[in-house]
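Student: Could you walk me through this model before I set anything up with it? I would like to go piece by piece.

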Amino acid sequence: MESVTLEKLIEDLGLEIIYRAESMDKVKISAPEVNRPGLQLAGYFEAFAHDRLQIIGKVEWYYCNSLEERLRHERFDKLFSYPIPALIFARGLPIFDEVTQLAKKYDRTILTTSLSTTKLENSIINYLDYMLAPTTVVHGVLVEVYGLGILIIGESGVGKSETALELIKRGHRLIADDVVEIKKVDGRLRGEAPELIRYFMEIRGIGILNIERLFGVGAIKNYEFIDLVIELEFWDSNKEYDRIGLDEDYYELLDEKVPKLLIPVRPGRNIAMIVEVAARNARQKRLGYNAAADLDNKIREQSIRRIQRKQK
């Protein structure tokens, strides 16, 4: 099961540590939801989602503030007896003295933030959804062409990076070269480059290029959802390639299917231009128009008219 450390979450979301548990570096979060322990603070602990981050918002804080100190201590004592990842106070709300004392007793982390409760919940859920999403790595190049994320795959040396470089020269954008990290987010595949090699590209005979430095910030992008997969392969004269485009082929990643095209490569073919046209054609298909199907229908209609004329 995917998980994220509490330390990384605190760092990435800019949360402030009020009390750091000695075991905080060992705490990992695998639940992509949060919990506002209103019922627990009222004394009901059945079905308590203790594996989630616990958030104290304005309503919970004012309720606790209305309790007698003895009862408030009792409720938080029960709350901290469960192995919660951390307790977060939103809106910069004051921390009750007994909360800090009990956090030390049970070795639980206390955090705070100035964010409103709703914004805090949304930030944490969106962050965890992404960090805990199923992940895979693909050898290829990811570029944005006319607003579509296109993953270019194929054998080593077939020209993936060279094709991407030509696309960048034509005004399109690079997301990742050589290694593409892909996450399944809300049923779609989102690709990005590992941070270490982000914006870098390898071209045989030249070496490593920094695309941001060479072409500017308009030539790069941090991530993109994958809409089309194009596989490049060396031209095989004994192989029959699709010349019509009626049959749909798909590339499966993380149990999701993405439309796929197979493009043969040989000297004289402008692969970058073909990728551009493929992107335009894919956009037309998404809008409901299929050129191959349109031509097929016209041929069928013409055949039917010929048969009808003969019958007359």
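Tutor: What follows goes through the sheets, the helix contacts and a few backbone angles.

Student: What should I know about the model and the numbering?

Tutor: This is a predicted model, in which local features need pLDDT of at least 70 and side-chain atom pairs count only at pLDDT 80 or more, while totals for chains, interfaces and linings use all residues. Residues are numbered from 1 along each chain as its sequence is written, and side-chain values use heavy atoms, with hydrogens and water left out.

Student: And the element labels, where do they come from?

Tutor: Helices (H or I, at least four residues) and strands (E, at least two) are DSSP runs, numbered from the N terminus.

Student: OK, sheets then. In what order do the strands of the open sheet run?

Tutor: The order is S2-S7-S6-S5-S4, an open sheet of 5 strands with mixed pairing, where two strands pair if DSSP finds at least two bridges between them. Strand S2 (16-19) and strand S4 (34-35) stand at the edges with a single partner strand each, so one side of each has no neighbour in the sheet.

Student: How many bridges hold S2 and S7, and in which sense do they pair?

Tutor: S2 pairs with strand S7 (residues 110-112) in the antiparallel sense over 3 bridges, and Ile17 stands opposite Leu111 in S7.

Student: Let me stay with that sheet: is Ile55 buried or exposed?

Tutor: Ile55, in strand S5 (residues 53-56), counts as buried because its relative accessibility is 0%. Buried means under 20% relative accessible area, exposed over 50% and partly exposed in between, with a 1.4 Å probe and protein chains only.

Student: What does Ile55 touch?

Tutor: Leaving out residues up to four places away in sequence, the contacts of Ile55 include Val34, Asn35, Ile88, Leu120 and Ile124, where contact means heavy atoms within 4.5 Å. From C-alpha to C-alpha, Ile55 is 9.4 Å from Leu111 in space, although the two are 56 residues apart in sequence.

Student: Switching to helices, how do H1 and H6 cross?

Tutor: The axes of helix H1 (residues 6-13) and helix H6 (residues 117-131) come within 11 Å and cross at roughly 125 degrees. Axes here are lines fitted to C-alpha atoms, for helices over the stretch in contact, and angles run from 0 to 180 degrees between N-to-C directions. H1 and H6 are therefore oblique to each other, given that angles under 35 degrees count as roughly parallel, over 145 as roughly antiparallel, 65 to 115 as roughly perpendicular and the rest as oblique.

Student: Which residues meet there?

Tutor: Lys8, Leu9, Asp12 and Leu13 in H1 meet Ser123, Ile124, Tyr127, Leu128 and Met131 in H6. By class, this contact of H1 with H6 has 6 nonpolar, 1 polar and 2 charged residues, where Ala, Val, Leu, Ile, Met, Phe, Trp, Tyr, Cys and Pro count as nonpolar, Asp, Glu, Lys and Arg as charged, and the others, Gly among them, as polar.

Student: And at what angle do H7 and H9 pack?

Tutor: Helix H7 (residues 160-169) and helix H9 (residues 271-286) pack at about 70 degrees, with their axes 8 Å apart, which means that H7 is roughly perpendicular to H9. Thr163, Glu166 and Leu167 in H7 meet Ile271, Ala272, Val275 and Glu276 in H9, and by class the contact of H7 with H9 has 4 nonpolar, 1 polar and 2 charged residues.

Student: Back to strands, what pairs with S16?

Tutor: Strand S14 (residues 223-234) pairs with strand S16 (residues 256-265) in the parallel sense over 6 bridges, and Val229 has Lys260 in S16 as its bridge partner. Strand S15 (residues 249-253) runs antiparallel to S16, with 5 bridges joining them, and there the bridge partner of Tyr251 is Val258.

Student: Last topic, backbone angles: where do I find positive phi values?

Tutor: As background, most residues other than glycine have a negative phi. Asp186 has a positive phi of about 50 degrees although it is not a glycine; Asp186 is found in the loop between strand S10 (173-185) and strand S11 (188-192), and counts as exposed at 75% relative accessibility. Tyr199 has a positive phi near 75 degrees and lies in the loop between S11 and strand S12 (200-203), but Tyr199 is buried, with a relative accessible area of 17%.
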